[in-house]
Amino acid sequence: MLRALFIGLASVFLLGASAPAGTIYSVDAAASSLSAKVPFFGLGRKSAGFPEVAGTIRLSRERPEDIELDVTIDATALTAGDNLTLSRLKGERFFWVDEHPTVRFVGREMKMTSPTQGSVDGDLTARGETRPVTLDVSFDMPPAEAAPDDIITLTGTTRINRYDFGMKSYRLIVGKYVNIELRARMVPQP
């Protein structure tokens, strides 16, 4: 029995632990972005943009459900339609970028509903709070058919309750739910 254990451990050591299969992509920061829209006064919407997106995505053609998606957004670079909104969003009542300069989504499981659409379950961290989130995703080509050197564009959408992330100010003016859209151009790593 000890011999079998030793042989098993030796083979793992010599061959390397089994790494997850798949292609690893880097998010092309220059061609990727995140936007957020929230109801304002119940009549219109306010938008914010997050132009600085970085991260990696591992996709397996054989097992797309085993996705590893790790995207970080620079909250200090966020944009808004006017300076007052921008200062409020960056301030303590919303993103509090001085204390929490990044927003992060880590996706761990994907369910495909068609060759190019599905959903990714993961965790969103904003303002120091982490909550489970499902990101509805759409690819510009079927991931199962992508060659290892193909560039893929992923679009993801979700709706979150801003109160879950400690952003509870201006309840009578700003809506509770925020619609988020991520566009990520995924470039295979060499």
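Predicted model: local features only at pLDDT ≥ 70, side-chain atom pairs only at ≥ 80, totals over all residues.
Residues are numbered from 1 along each chain as its sequence is written, and side-chain values use heavy atoms, with hydrogens and water left out.

Two helices and eleven strands make up the secondary structure of the chain, where helices (H or I, at least four residues) and strands (E, at least two) are DSSP runs numbered from the N terminus. Along the sequence these elements follow the order α-β-β-β-β-β-β-α-β-β-β-β-β. Of the 190 residues, 36% are buried, a term for under 20% relative accessible area, with over 50% called exposed and the range in between partly exposed (1.4 Å probe, protein chains only). Among contacts (heavy atoms within 4.5 Å) with a separation of 6 or more, 56% join residues 24 or more positions apart.

A welcome place to begin a closer look is Ser60, in the loop between strand S4 (53-59) and strand S5 (68-74). Ser60 counts as buried because its relative accessibility is 6%. The side chain of Ser60 reaches the backbone nitrogen of Arg63 at 3.0 Å, and a polar atom of that side chain lies 3.3 Å from the backbone nitrogen of Glu62.

Helix H2 (residues 83-90) contains Thr85. With a relative accessible area of 16%, Thr85 is buried. Leaving aside residues up to four places away in sequence, Thr85 touches Lys46 and Ala80. The side chains of Thr85 and Lys46 also form a polar contact at 3.3 Å (a pair of N or O atoms within 3.5 Å; within protein, one must be able to donate a hydrogen and the other to accept it, and residues adjacent in sequence count only if both atoms are side-chain atoms).

The volume of the largest cavity is about 40 Å³. Its lining consists of Thr23, Tyr25, Leu59, Arg61, Pro143, Ala146 and Ile152.

Notes:
1 Å grid on protein atoms, 1.4 Å probe; cavity = no way out; pocket = protein on both sides within 12 Å on 5 of 7 lines; lining within 4 Å. Points joined across faces, edges and corners; volume = space filled by probe spheres on them.
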